[in-house]
Amino acid sequence: MTLHEGIYNFSSGPACLPLSVLEDIKKDIPDWHSGMSVMEVSHRSESFLSLKNRVETSIKQLLNIPDDFCILLMHGGARMQFSAIGLNLFYQESVVNFLITGHWSHDAFQEASKYVSCHVAAHAEQNGYTMIPPYSDSDMSEQSKFLYYTDNETIHGIEFLAPPRTRLGLIADMTSSILTKKIDFEQHDLIYASAQKNLGIAGVTLVIVRKSLLGQAHPLTPSVLNYKITAEKGSLYNTPPVFAIYVLDLILEWVKTNGGLPACSDMANRRSNMLYNMIDNSHFYQNKVSVEVRSRMNVPFSLPSPALESKFVLEAEQQGLMFLKGHRAVGGCRASLYNAMPEAGVAKLVTFMQQFESQNK
Ligand SMILES: *Cc1c(COP(=O)(O)O)cnc(C)c1O
(Lines give C-alpha, C1' and ligand atoms only; values in the text may rest on other atoms or scores of the structure.)
Protein backbone atom coordinates (compact mmCIF):
# COMPACT_ATOMS: atom_id res chain seq x y z
CA MET A 1 0.00 0.00 0.00
CA THR A 2 1.26 3.46 -0.82
CA LEU A 3 0.28 6.49 1.16
CA HIS A 4 -3.46 7.29 0.79
CA GLU A 5 -4.25 4.47 -1.63
CA GLY A 6 -7.81 4.81 -2.92
CA ILE A 7 -8.53 7.92 -0.84
CA TYR A 8 -9.34 11.09 -2.72
CA ASN A 9 -9.59 14.48 -1.09
CA PHE A 10 -12.15 16.77 -2.77
CA SER A 11 -11.73 19.55 -0.23
CA SER A 12 -11.85 23.13 -1.47
CA GLY A 13 -8.80 24.04 0.60
CA PRO A 14 -6.53 23.19 2.20
CA ALA A 15 -6.62 20.80 -0.69
CA CYS A 16 -5.00 17.59 -1.86
CA LEU A 17 -1.29 17.50 -2.64
CA PRO A 18 0.34 15.20 -5.21
CA LEU A 19 1.38 11.91 -3.62
CA SER A 20 4.94 12.25 -4.89
CA VAL A 21 5.17 15.63 -3.17
CA LEU A 22 3.98 14.13 0.11
CA GLU A 23 6.61 11.41 -0.23
CA ASP A 24 9.30 14.03 -0.84
CA ILE A 25 8.19 16.00 2.21
CA LYS A 26 8.26 12.87 4.33
CA LYS A 27 11.78 12.10 3.20
CA ASP A 28 13.03 15.67 3.69
CA ILE A 29 11.44 16.46 7.05
CA PRO A 30 14.29 15.23 9.26
CA ASP A 31 17.10 15.91 6.82
CA TRP A 32 16.74 18.46 4.04
CA HIS A 33 20.36 19.64 3.81
CA SER A 34 23.25 18.52 5.99
CA GLY A 35 21.26 16.84 8.70
CA MET A 36 18.72 19.57 9.37
CA SER A 37 15.07 20.00 8.59
CA VAL A 38 14.02 22.75 6.17
CA MET A 39 12.06 24.14 9.10
CA GLU A 40 15.30 24.71 11.02
CA VAL A 41 17.35 26.26 8.25
CA SER A 42 17.94 30.03 8.23
CA HIS A 43 15.97 31.91 5.62
CA ARG A 44 19.22 33.75 4.88
CA SER A 45 21.19 30.55 4.32
CA GLU A 46 22.48 29.73 0.87
CA SER A 47 20.35 26.61 0.62
CA PHE A 48 17.12 28.46 1.39
CA LEU A 49 17.99 31.41 -0.83
CA SER A 50 18.64 29.14 -3.77
CA LEU A 51 15.31 27.42 -3.14
CA LYS A 52 13.53 30.79 -3.05
CA ASN A 53 15.26 31.86 -6.27
CA ARG A 54 14.20 28.65 -7.95
CA VAL A 55 10.60 29.25 -6.84
CA GLU A 56 10.62 32.75 -8.35
CA THR A 57 12.24 31.54 -11.57
CA SER A 58 9.79 28.66 -11.90
CA ILE A 59 6.78 30.93 -11.41
CA LYS A 60 8.14 33.39 -13.93
CA GLN A 61 8.71 30.63 -16.48
CA LEU A 62 5.50 28.69 -15.93
CA LEU A 63 3.29 31.78 -16.11
CA ASN A 64 5.44 33.61 -18.67
CA ILE A 65 5.65 36.74 -16.54
CA PRO A 66 7.21 39.79 -18.21
CA ASP A 67 10.08 41.72 -16.61
CA ASP A 68 7.95 44.70 -15.65
CA PHE A 69 6.24 42.60 -12.96
CA CYS A 70 7.62 41.53 -9.61
CA ILE A 71 6.91 38.30 -7.82
CA LEU A 72 6.27 38.58 -4.08
CA LEU A 73 5.90 35.81 -1.52
CA MET A 74 3.84 37.15 1.36
CA HIS A 75 2.19 36.01 4.58
CA GLY A 76 -1.44 36.29 5.53
CA GLY A 77 -3.38 34.39 2.89
CA ALA A 78 -5.67 35.74 0.22
CA ARG A 79 -7.78 37.66 2.68
CA MET A 80 -4.75 39.64 3.78
CA GLN A 81 -4.43 40.75 0.16
CA PHE A 82 -7.96 42.16 0.30
CA SER A 83 -6.42 44.71 2.71
CA ALA A 84 -2.96 44.90 1.15
CA ILE A 85 -4.42 45.83 -2.24
CA GLY A 86 -6.53 48.50 -0.58
CA LEU A 87 -3.52 49.98 1.22
CA ASN A 88 -0.99 49.68 -1.62
CA LEU A 89 -3.06 50.44 -4.69
CA PHE A 90 -6.55 51.68 -3.94
CA TYR A 91 -6.31 54.33 -1.30
CA GLN A 92 -5.13 57.05 -3.70
CA GLU A 93 -7.90 56.26 -6.19
CA SER A 94 -11.25 58.00 -6.06
CA VAL A 95 -13.13 54.84 -7.06
CA VAL A 96 -12.44 51.21 -8.04
CA ASN A 97 -14.72 48.95 -10.10
CA PHE A 98 -15.74 45.48 -8.95
CA LEU A 99 -17.36 42.50 -10.64
CA ILE A 100 -19.15 40.51 -7.98
CA THR A 101 -19.66 36.93 -9.08
CA GLY A 102 -19.74 35.13 -5.74
CA HIS A 103 -18.64 34.95 -2.14
CA TRP A 104 -14.98 35.90 -2.56
CA SER A 105 -15.41 38.91 -4.80
CA HIS A 106 -18.12 40.10 -2.42
CA ASP A 107 -15.82 39.82 0.61
CA ALA A 108 -12.97 41.49 -1.27
CA PHE A 109 -15.34 44.31 -2.22
CA GLN A 110 -16.39 44.77 1.41
CA GLU A 111 -12.82 44.96 2.63
CA ALA A 112 -11.72 47.30 -0.19
CA SER A 113 -14.63 49.59 0.69
CA LYS A 114 -12.71 50.55 3.83
CA TYR A 115 -10.03 52.16 1.68
CA VAL A 116 -11.76 53.45 -1.41
CA SER A 117 -15.20 53.98 -2.83
CA CYS A 118 -16.08 50.80 -4.74
CA HIS A 119 -18.38 50.73 -7.72
CA VAL A 120 -20.16 47.46 -8.50
CA ALA A 121 -20.17 47.15 -12.29
CA ALA A 122 -22.07 43.84 -12.22
CA HIS A 123 -23.47 41.67 -9.44
CA ALA A 124 -24.36 38.00 -9.90
CA GLU A 125 -26.82 38.06 -7.00
CA GLN A 126 -29.56 39.15 -9.41
CA ASN A 127 -29.35 35.78 -11.18
CA GLY A 128 -28.76 33.70 -8.07
CA TYR A 129 -25.03 33.35 -8.79
CA THR A 130 -25.60 31.22 -11.85
CA MET A 131 -23.82 33.37 -14.42
CA ILE A 132 -21.54 36.36 -14.89
CA PRO A 133 -24.01 39.17 -15.53
CA PRO A 134 -23.53 41.15 -18.74
CA TYR A 135 -21.36 44.24 -18.31
CA SER A 136 -19.34 46.60 -20.46
CA ASP A 137 -17.08 49.57 -19.97
CA SER A 138 -20.18 51.77 -19.85
CA ASP A 139 -21.09 50.05 -16.55
CA MET A 140 -17.72 51.03 -15.07
CA SER A 141 -16.99 54.19 -13.19
CA GLU A 142 -14.98 56.39 -15.54
CA GLN A 143 -12.76 57.74 -12.79
CA SER A 144 -11.38 54.30 -12.03
CA LYS A 145 -8.29 52.78 -13.54
CA PHE A 146 -8.84 49.31 -12.03
CA LEU A 147 -11.35 46.51 -12.35
CA TYR A 148 -11.25 43.87 -9.60
CA TYR A 149 -12.59 40.36 -10.16
CA THR A 150 -12.30 36.84 -8.73
CA ASP A 151 -11.12 34.57 -11.50
CA ASN A 152 -12.70 31.48 -9.99
CA GLU A 153 -15.41 31.63 -7.35
CA THR A 154 -14.50 28.65 -5.22
CA ILE A 155 -17.85 28.46 -3.42
CA HIS A 156 -20.31 29.32 -6.21
CA GLY A 157 -18.40 27.46 -8.93
CA ILE A 158 -18.23 30.33 -11.44
CA GLU A 159 -15.09 30.92 -13.46
CA PHE A 160 -13.92 33.53 -15.95
CA LEU A 161 -12.78 31.24 -18.74
CA ALA A 162 -11.47 34.39 -20.44
CA PRO A 163 -10.50 37.53 -18.51
CA PRO A 164 -13.08 40.33 -18.27
CA ARG A 165 -13.27 42.53 -21.36
CA THR A 166 -12.37 46.06 -20.37
CA ARG A 167 -9.91 48.86 -21.04
CA LEU A 168 -9.17 49.02 -17.29
CA GLY A 169 -6.25 47.39 -15.51
CA LEU A 170 -7.34 44.06 -14.04
CA ILE A 171 -6.74 42.94 -10.48
CA ALA A 172 -7.50 39.27 -10.03
CA ASP A 173 -7.88 36.88 -7.11
CA MET A 174 -6.62 33.64 -8.65
CA THR A 175 -6.40 31.68 -5.42
CA SER A 176 -8.35 28.72 -6.74
CA SER A 177 -7.36 28.83 -10.42
CA ILE A 178 -3.69 29.80 -10.57
CA LEU A 179 -1.54 27.43 -12.63
CA THR A 180 -4.48 26.17 -14.63
CA LYS A 181 -4.53 28.79 -17.40
CA LYS A 182 -2.42 31.40 -19.17
CA ILE A 183 -2.53 34.89 -17.69
CA ASP A 184 -2.51 37.94 -19.94
CA PHE A 185 -0.09 40.34 -18.27
CA GLU A 186 -0.89 43.14 -20.70
CA GLN A 187 -4.34 43.34 -19.20
CA HIS A 188 -3.55 42.56 -15.58
CA ASP A 189 -1.92 44.91 -13.08
CA LEU A 190 -1.91 42.49 -10.17
CA ILE A 191 -2.83 38.89 -9.55
CA TYR A 192 -2.55 36.99 -6.30
CA ALA A 193 -3.21 33.55 -4.88
CA SER A 194 -2.82 31.98 -1.48
CA ALA A 195 -1.14 28.62 -1.73
CA GLN A 196 -3.42 26.03 -0.15
CA LYS A 197 -5.47 25.27 -3.27
CA ASN A 198 -3.17 24.94 -6.28
CA LEU A 199 0.22 25.95 -4.88
CA GLY A 200 0.77 23.74 -1.87
CA ILE A 201 -0.03 24.52 1.74
CA ALA A 202 -1.35 27.49 3.69
CA GLY A 203 1.14 30.09 4.82
CA VAL A 204 2.48 31.69 1.68
CA THR A 205 0.65 33.94 -0.77
CA LEU A 206 1.89 34.69 -4.25
CA VAL A 207 1.49 38.26 -5.48
CA ILE A 208 2.47 39.28 -9.01
CA VAL A 209 2.30 43.04 -9.42
CA ARG A 210 3.27 45.56 -12.07
CA LYS A 211 6.42 47.31 -10.87
CA SER A 212 5.20 50.75 -11.91
CA LEU A 213 2.42 50.50 -9.31
CA LEU A 214 4.77 50.15 -6.36
CA GLY A 215 5.57 53.04 -4.04
CA GLN A 216 2.10 54.55 -3.70
CA ALA A 217 1.06 52.86 -0.48
CA HIS A 218 -0.80 54.63 2.28
CA PRO A 219 1.74 55.93 4.82
CA LEU A 220 0.20 53.81 7.57
CA THR A 221 0.53 50.58 5.58
CA PRO A 222 2.21 48.02 7.85
CA SER A 223 5.67 47.35 6.44
CA VAL A 224 4.96 43.62 6.20
CA LEU A 225 2.07 44.44 3.85
CA ASN A 226 3.93 47.00 1.78
CA TYR A 227 4.58 45.70 -1.74
CA LYS A 228 7.54 48.03 -2.36
CA ILE A 229 9.32 47.00 0.84
CA THR A 230 8.54 43.34 0.16
CA ALA A 231 9.95 43.68 -3.36
CA GLU A 232 13.08 45.54 -2.24
CA LYS A 233 13.76 42.93 0.43
CA GLY A 234 13.23 39.99 -1.93
CA SER A 235 10.23 38.85 0.15
CA LEU A 236 12.55 38.52 3.17
CA TYR A 237 11.59 41.64 5.11
CA ASN A 238 10.69 39.35 7.98
CA THR A 239 11.07 35.59 8.34
CA PRO A 240 9.11 34.07 5.46
CA PRO A 241 6.96 30.95 5.84
CA VAL A 242 9.89 28.71 4.95
CA PHE A 243 8.05 25.41 5.01
CA ALA A 244 5.22 26.66 2.80
CA ILE A 245 7.76 28.06 0.33
CA TYR A 246 9.59 24.74 0.38
CA VAL A 247 6.33 22.94 -0.47
CA LEU A 248 5.60 25.52 -3.18
CA ASP A 249 8.95 24.65 -4.74
CA LEU A 250 8.04 20.94 -4.76
CA ILE A 251 4.69 21.74 -6.37
CA LEU A 252 6.28 23.87 -9.08
CA GLU A 253 8.81 21.13 -9.84
CA TRP A 254 5.96 18.63 -9.99
CA VAL A 255 4.05 20.85 -12.41
CA LYS A 256 7.14 21.22 -14.59
CA THR A 257 7.79 17.49 -14.78
CA ASN A 258 4.13 16.89 -15.57
CA GLY A 259 3.92 19.06 -18.66
CA GLY A 260 3.71 22.58 -17.24
CA LEU A 261 0.81 24.93 -17.66
CA PRO A 262 -0.63 23.42 -20.89
CA ALA A 263 -0.92 20.01 -19.24
CA CYS A 264 -2.50 21.48 -16.09
CA SER A 265 -4.99 23.30 -18.23
CA ASP A 266 -5.87 20.18 -20.28
CA MET A 267 -6.22 18.10 -17.16
CA ALA A 268 -8.48 20.69 -15.55
CA ASN A 269 -10.74 20.54 -18.60
CA ARG A 270 -10.77 16.75 -18.65
CA ARG A 271 -11.49 16.32 -14.95
CA SER A 272 -14.29 18.86 -14.87
CA ASN A 273 -15.82 17.60 -18.14
CA MET A 274 -16.01 14.08 -16.74
CA LEU A 275 -18.00 15.32 -13.77
CA TYR A 276 -20.21 17.82 -15.62
CA ASN A 277 -21.05 15.19 -18.24
CA MET A 278 -22.17 12.85 -15.51
CA ILE A 279 -24.29 15.57 -13.89
CA ASP A 280 -25.79 16.71 -17.20
CA ASN A 281 -26.81 13.15 -18.07
CA SER A 282 -28.64 12.73 -14.79
CA HIS A 283 -31.93 14.08 -13.44
CA PHE A 284 -30.78 13.31 -9.93
CA TYR A 285 -27.78 15.65 -9.69
CA GLN A 286 -27.94 19.29 -10.65
CA ASN A 287 -25.47 22.13 -11.21
CA LYS A 288 -27.17 25.49 -11.76
CA VAL A 289 -24.27 27.47 -13.20
CA SER A 290 -24.47 28.48 -16.89
CA VAL A 291 -22.38 26.15 -18.98
CA GLU A 292 -20.10 28.88 -20.38
CA VAL A 293 -18.90 30.00 -16.92
CA ARG A 294 -18.81 26.72 -15.05
CA SER A 295 -15.74 26.36 -12.88
CA ARG A 296 -13.19 23.72 -13.85
CA MET A 297 -11.93 23.71 -10.26
CA ASN A 298 -14.98 23.59 -8.01
CA VAL A 299 -18.13 21.80 -9.05
CA PRO A 300 -21.09 22.48 -6.76
CA PHE A 301 -24.06 20.16 -7.22
CA SER A 302 -27.29 19.34 -5.49
CA LEU A 303 -29.33 16.17 -5.02
CA PRO A 304 -33.14 15.95 -4.80
CA SER A 305 -33.17 16.63 -1.02
CA PRO A 306 -30.89 17.70 1.83
CA ALA A 307 -31.42 14.29 3.43
CA LEU A 308 -30.09 12.57 0.30
CA GLU A 309 -27.16 15.00 0.26
CA SER A 310 -26.18 14.03 3.81
CA LYS A 311 -26.49 10.35 2.94
CA PHE A 312 -24.41 10.92 -0.20
CA VAL A 313 -21.59 12.64 1.69
CA LEU A 314 -21.53 9.91 4.33
CA GLU A 315 -21.51 6.99 1.91
CA ALA A 316 -18.91 8.71 -0.28
CA GLU A 317 -16.63 9.02 2.73
CA GLN A 318 -16.99 5.32 3.46
CA GLN A 319 -15.57 4.73 -0.01
CA GLY A 320 -12.66 7.13 0.45
CA LEU A 321 -14.23 10.05 -1.42
CA MET A 322 -13.64 12.78 1.12
CA PHE A 323 -14.99 16.28 1.82
CA LEU A 324 -17.83 16.43 -0.70
CA LYS A 325 -20.08 18.55 1.49
CA GLY A 326 -20.87 21.95 -0.04
CA HIS A 327 -19.90 25.23 1.60
CA ARG A 328 -22.27 26.20 4.42
CA ALA A 329 -23.17 29.41 2.54
CA VAL A 330 -24.74 27.53 -0.38
CA GLY A 331 -25.38 23.99 0.92
CA GLY A 332 -25.50 20.95 -1.34
CA CYS A 333 -22.35 19.16 -2.38
CA ARG A 334 -19.14 20.29 -4.02
CA ALA A 335 -16.18 18.51 -5.58
CA SER A 336 -12.97 20.49 -5.83
CA LEU A 337 -10.70 19.33 -8.65
CA TYR A 338 -7.40 21.13 -8.33
CA ASN A 339 -4.19 20.25 -10.17
CA ALA A 340 -3.22 17.56 -7.66
CA MET A 341 -6.48 15.60 -8.12
CA PRO A 342 -5.73 12.53 -10.23
CA GLU A 343 -8.15 11.66 -13.01
CA ALA A 344 -8.65 8.31 -11.27
CA GLY A 345 -10.18 10.21 -8.36
CA VAL A 346 -12.77 11.82 -10.60
CA ALA A 347 -13.47 8.48 -12.30
CA LYS A 348 -14.07 6.90 -8.91
CA LEU A 349 -16.37 9.76 -7.92
CA VAL A 350 -18.37 9.48 -11.15
CA THR A 351 -18.83 5.72 -10.67
CA PHE A 352 -19.92 6.26 -7.09
CA MET A 353 -22.40 8.95 -8.14
CA GLN A 354 -23.96 6.64 -10.75
CA GLN A 355 -24.31 3.86 -8.19
CA PHE A 356 -25.76 6.19 -5.58
CA GLU A 357 -28.28 7.50 -8.08
CA SER A 358 -29.49 4.07 -9.09
CA GLN A 359 -29.83 3.01 -5.46
CA ASN A 360 -31.62 6.14 -4.27
CA LYS A 361 -33.77 7.57 -7.04
C1 LIG B 1 -9.89 30.23 -0.40
C2 LIG B 1 -10.06 31.54 -1.09
C3 LIG B 1 -9.79 32.76 -0.45
C4 LIG B 1 -9.38 32.84 0.99
O5 LIG B 1 -8.07 32.44 1.12
P6 LIG B 1 -7.28 32.57 2.51
O7 LIG B 1 -5.90 32.22 2.12
O8 LIG B 1 -7.93 31.63 3.46
O9 LIG B 1 -7.42 33.99 2.96
C10 LIG B 1 -9.92 33.91 -1.20
N11 LIG B 1 -10.29 33.89 -2.48
C12 LIG B 1 -10.55 32.73 -3.13
C13 LIG B 1 -10.93 32.76 -4.56
C14 LIG B 1 -10.44 31.52 -2.45
O15 LIG B 1 -10.71 30.38 -3.09
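1. In this predicted model, the side chains of D151 and K181 form a salt bridge, with an N to O distance of 2.6 Å. D151 sits in the loop between strand 5 and strand 6, and K181 in the loop between strand 8 and strand 9 (188-194), so the two are 30 residues apart and the pair links distant parts of the chain. Both D151 and K181 are buried.

2. D151 has a relative accessibility of 2% and therefore counts as buried. Its side chain also makes a polar contact of 2.6 Å with the side chain of S177. Beyond neighbours within four places in sequence, the contacts of D151 include I158, F160, D173 and M174.

3. K181 also forms a salt bridge with E159, where the closest N and O atoms are 2.9 Å apart. Because E159 lies in strand 7 (residues 158-159) and K181 in the loop between strand 8 and strand 9, this pair ties together parts 22 residues apart in sequence. E159 is buried, as is K181.

4. The structure holds 19 salt bridges. One of them joins the side chains of E93 and K145 at 2.8 Å, N to O. These two residues are 52 residues apart: E93 is in the loop between helix 3 and strand 3, and K145 in the loop between strand 4 and strand 5. E93 counts as buried at 14% relative accessibility, whereas K145 is partly exposed at 38%.

5. Helix 4 (residues 103-112) is largely enclosed by the rest of the structure, because seven of its ten residues are buried. Among them are W104, F109 and A112. The elements that the buried residues of helix 4 pack against include strand 5 and strand 6.

Note on methods: Residues are numbered from 1 along each chain as its sequence is written. This is a predicted model: local features need pLDDT of at least 70, side-chain atom pairs count only at pLDDT 80 or more; totals for chains, interfaces and linings use all residues. Side-chain values use heavy atoms; hydrogens and water are left out. Buried means under 20% relative accessible area, exposed over 50%, partly exposed in between (1.4 Å probe, protein chains only). A polar contact is a pair of N or O atoms within 3.5 Å; within protein, one must be able to donate a hydrogen and the other to accept it, and residues adjacent in sequence count only if both atoms are side-chain atoms. Contact means heavy atoms within 4.5 Å. Helices (H or I, at least four residues) and strands (E, at least two) are DSSP runs, numbered from the N terminus. A salt bridge is a side-chain nitrogen of Lys or Arg within 4 Å of a carboxyl oxygen of Asp or Glu.
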